[in-house]
Amino acid sequence: MLEPSLLAEDALLPVPVLVVEDEPLLQERLRQILQQLGYEDDALIFADTLAAARAVVAEQPVGLALVDLRLPDGNGQSLIEELRAEDPGLGILVVSAWSSEELILSALRAGATGYVLKQRDDFEVMLSIRSVLRGGAPIDPFIARRILQLLPLRAPKAADGAATAAIGGEPDVGLTPREAEILRLVADGMSNREIANEVHLSHHTVESHVKRIYRKLAVSSRMMAVREARARGMIE
């Protein structure tokens, strides 16, 4: 079994990394970026088709996945769904060219942790990978702006003052009661470990909830999640 490398912060790097990309030049580019993050060559597995990626996953679990959406034998979204079903806590970063809003949103709904455009420079791609490794949900700024344009405007509160959705009068973005509870604790400034102790869940489970909150709010950080939730009336 592969031995994990170490981040500068002494956190273990999840291994192996599955890179699903059919362009040789981008494969090499991602290899170099991952090496700069501390990965050894033997911790990197490259697949140029969905079939090849599925064969890898059938043989062993992976610790991180970088997935292109447009592949010779289909859409990477289906692979994302399978990876997420297999491991709810897996970091899955889409590294792809700009696609339609619907395709991008479908990838995020399927379980992608984040989305960065291939056109970004190496440093920006590296930052997105590092964010995933640290439990974040990075969304390319250009994509985030487009997603925000698709969100409905805040709905007016009902005449009797009743909530228009599940929490505090916000347009419903599909948060579960547990996610809503965790979002309020995030707004209180609690860390994931503190939240885990408060709600009697594992730290890993809380991290998974936080990632789903990020995806549903189309944000990439705790600060942005709180700001967006307050703007939508979800929290005080």
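A residue counts as buried when its relative accessible area is under 20%, and in this predicted model Thr113, with a relative accessible area of 0%, is therefore buried.

View 1. Thr113 is found in the loop that runs between α4 and β7 (114-117). The side chain of Thr113 is joined to the side chain of Arg84 by a polar contact of 3.3 Å. When neighbours within four places in sequence are left aside, the residues in contact with Thr113 are Arg84, Leu90, Gly91, Ile92, Val132, Gly136, Ala137, Pro138, Lys211 and Arg215.

**View 2. Asp68 in the loop between β3 and β4.** The loop that holds Asp68 lies between β3 (64-67) and β4 (70-71). An unreviewed UniProt entry carries the annotation "modified residue: 4-aspartylphosphate", which covers Asp68. In the model, Asp68 has a relative accessibility of 2% and so counts as buried. The side chains of Asp68 and Ser96 are joined by a polar contact of 2.7 Å. Apart from neighbours within four places in sequence, Asp68 is in contact with Val20, Glu21, Asp22, Gly76, Val95, Ser96 and Lys118.

**View 3. Ser78 in helix α3.** Ser78 belongs to helix α3, which covers residues 76-86, and its relative accessibility of 26% is why Ser78 counts as partly exposed. The side chain of Ser78 reaches the backbone oxygen of Asn75 at a distance of 3.0 Å. If residues up to four places away in sequence are not counted, Ser78 touches Leu50 and Arg54. Ser78 and Ala110 are separated by 32 residues in sequence, while their C-alpha atoms are 7.7 Å apart in space.

**View 4. Ser106 in helix α4.** Helix α4 spans residues 101-110 and includes Ser106. Ser106 has a relative accessible area of 15% and is therefore buried. A polar atom of the Ser106 side chain lies 2.7 Å from the backbone oxygen of Glu102. As background to this pair, an α-helix has 3.6 residues a turn, so residues three or four places apart point the same way.

**View 5. Helix α9 and the helices that cover it.** Helix α9 is made up of 15 residues, 203-217, and reaches 21 Å from its first C-alpha to its last, close to the 21 Å expected at 1.5 Å a residue. After α9 comes Ala218, which has a positive phi, near 60 degrees.

**View 6. The packing of α7 against α9.** The axes of α7 and α9 are 10 Å apart, and the two helices pack at an angle of about 95 degrees. Angles from 65 to 115 degrees count as roughly perpendicular, and α7 and α9 are therefore roughly perpendicular to each other. On the α7 side, Arg178, Glu179, Ile182 and Leu183 meet His209, Val210, Arg212, Ile213 and Lys216 of α9.

**View 7. The whole chain, for orientation.** The chain contains 10 helices and seven strands, and 50% of its 236 residues are buried. Of the contacts between residues at least 6 apart in sequence, 62% join residues that are at least 24 apart.

Key: Residues are numbered from 1 along each chain as its sequence is written. This is a predicted model: local features need pLDDT of at least 70, side-chain atom pairs count only at pLDDT 80 or more; totals for chains, interfaces and linings use all residues. Side-chain values use heavy atoms; hydrogens and water are left out. Helices (H or I, at least four residues) and strands (E, at least two) are DSSP runs, numbered from the N terminus. Buried means under 20% relative accessible area, exposed over 50%, partly exposed in between (1.4 Å probe, protein chains only). A polar contact is a pair of N or O atoms within 3.5 Å; within protein, one must be able to donate a hydrogen and the other to accept it, and residues adjacent in sequence count only if both atoms are side-chain atoms. UniProt positions are given in the numbering used here, feature names are shortened, and annotations may be inferred rather than shown by experiment. Contact means heavy atoms within 4.5 Å. The expected span of a helix is 1.5 Å times one less than its number of residues. Axes are lines fitted to C-alpha atoms, for helices over the stretch in contact, and angles run from 0 to 180 degrees between N-to-C directions. Angles under 35 degrees count as roughly parallel, over 145 as roughly antiparallel, 65 to 115 as roughly perpendicular and the rest as oblique.
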